[in-house]
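Look at the sequence and the model below. The paragraphs that follow go through pockets, cavities, cores and some backbone details.

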Amino acid sequence: LCASVAFAEKPLVVASDPTFPPNEMLNKDKEIVGFSIDYIKAVGKEAGFDVQVKNIAWDGIFAALASNQVDVIAASVSITDKRKKAMGFSDPYCEIRQAVVVSTNSDLKNLKELDGKKVGGQIGTTGLVETLPKAKSKAIVKTYDEVGLALEDLAKGNIDAVICDDPVAKFYANKKQEYAGKLKVAFITDDVEFYGFAVRKSDTDLVKKLNEGIKAVKEKGIDKQVVEKWIGK
């Protein structure tokens, strides 16, 4: 009961990097919006706590969690064995795969064909640190602070491909007006990843509350509404 009261009285400070549309991004009023934001707010409502979203760049987001600046990370964080050694996770709230974006005149069809090619991606993301190494790719990797900068370089012809989460790849290739007719999703990998809300390993009570909220969101079909709004059917 005391823990429940504490959660209810104290806002849950959630870190997000709004450079990963449609999952996390800024609207015209510079407010942080997107799939993960709506999802964590819905979870908070069901679990009984207020959510306060804080804009923190990806390269400092995990340090912010570790240093108690925030309570949760809601920033398209894939659950991996390596990350689970350093932090705790809620139950999964979204299933994704890695996708490769290329220029429309490219005929790339698989990861092997990236050998010797310049491939961009956001630093520290699973496409670069998990997918390419697992495939023993010999791609020339170029890292960026934001995935949007990598896709901008791709559109300019400075690199050959970008690897990122498939909702993000589809957003840039299919919905970003400035890239219409310039970029396409070449292929989507087979391996499945799951997003989770990241917390400090010691915050086991918070994980339980988040999981209760996620369960309620799924049982009520709220998750499907959020997916349809931001990602599509």
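Ser78, Ile79, Thr80, Pro92, Thr126, Glu130, Thr131, Lys134, Asp191, Val192, Glu193 and Phe194 line the largest pocket of this predicted model. On a 1 Å grid over the protein atoms alone, a pocket is an open set of points with protein on both sides within 12 Å along at least five of seven lines, a cavity is a set of points where a 1.4 Å probe fits but cannot get out, and lining residues have an atom within 4 Å of a point. The volume of the largest pocket is about 260 Å³; a volume is the space filled by probe spheres set on the points, and grid points are joined across faces, edges and corners. Helix α5 (126–134) gives the largest share of the lining, 4 residues, and β14 (193–195) also supplies at least two. Helices (H or I, at least four residues) and strands (E, at least two) are DSSP runs, numbered from the N terminus. By class, the pocket lining has 4 nonpolar, 4 polar and 4 charged residues. Here Ala, Val, Leu, Ile, Met, Phe, Trp, Tyr, Cys and Pro count as nonpolar, Asp, Glu, Lys and Arg as charged, and the others, Gly among them, as polar.

Residues are numbered from 1 along each chain as its sequence is written.

About 90 Å³ of space lies in the largest cavity, and its lining includes Asp17, Trp58, Ser76, Ser78 and Arg83. The second largest cavity has a volume of about 40 Å³. Strand β12 (161–165) and helix α5 each supply at least two residues of its lining, with β12 giving the largest share, 3 residues. Its lining has 4 nonpolar, 5 polar and 1 charged residues.

What touches the most other members in the largest nonpolar core? Of its 44 residues, these are Tyr39, Val72, Val147, Leu151, Val162, Phe197 and Leu210. Helix α2 (residues 35–47) gives the largest share of this core, 6 residues. Apart from it lies another core, of 14 residues, among them Val13, Leu65, Val77 and Phe89. A nonpolar core is a set of buried Ala, Val, Leu, Ile, Met, Phe, Trp, Tyr and Cys residues joined through side-chain atoms within 4.5 Å. Buried means under 20% relative accessible area, exposed over 50%, and partly exposed in between (1.4 Å probe, protein chains only).

Some backbone details remain. The peptide bond from Pro21 to Pro22 is cis, with omega near 5 degrees, and Pro22 sits in the loop between β2 (19–20) and β3 (24–26). Ser76, in the loop between β6 (72–73) and α4 (81–86), has a phi near 55 degrees, a positive value in a residue other than glycine. Lys136 also has a phi near 55 degrees and lies in the loop between α5 and β11 (140–144). Are these two residues buried or exposed? Ser76 is buried, with a relative accessible area of 6%, whereas Lys136 is exposed, at 68%.

Note on methods: This is a predicted model: local features need pLDDT of at least 70, side-chain atom pairs count only at pLDDT 80 or more; totals for chains, interfaces and linings use all residues. Side-chain values use heavy atoms; hydrogens and water are left out.
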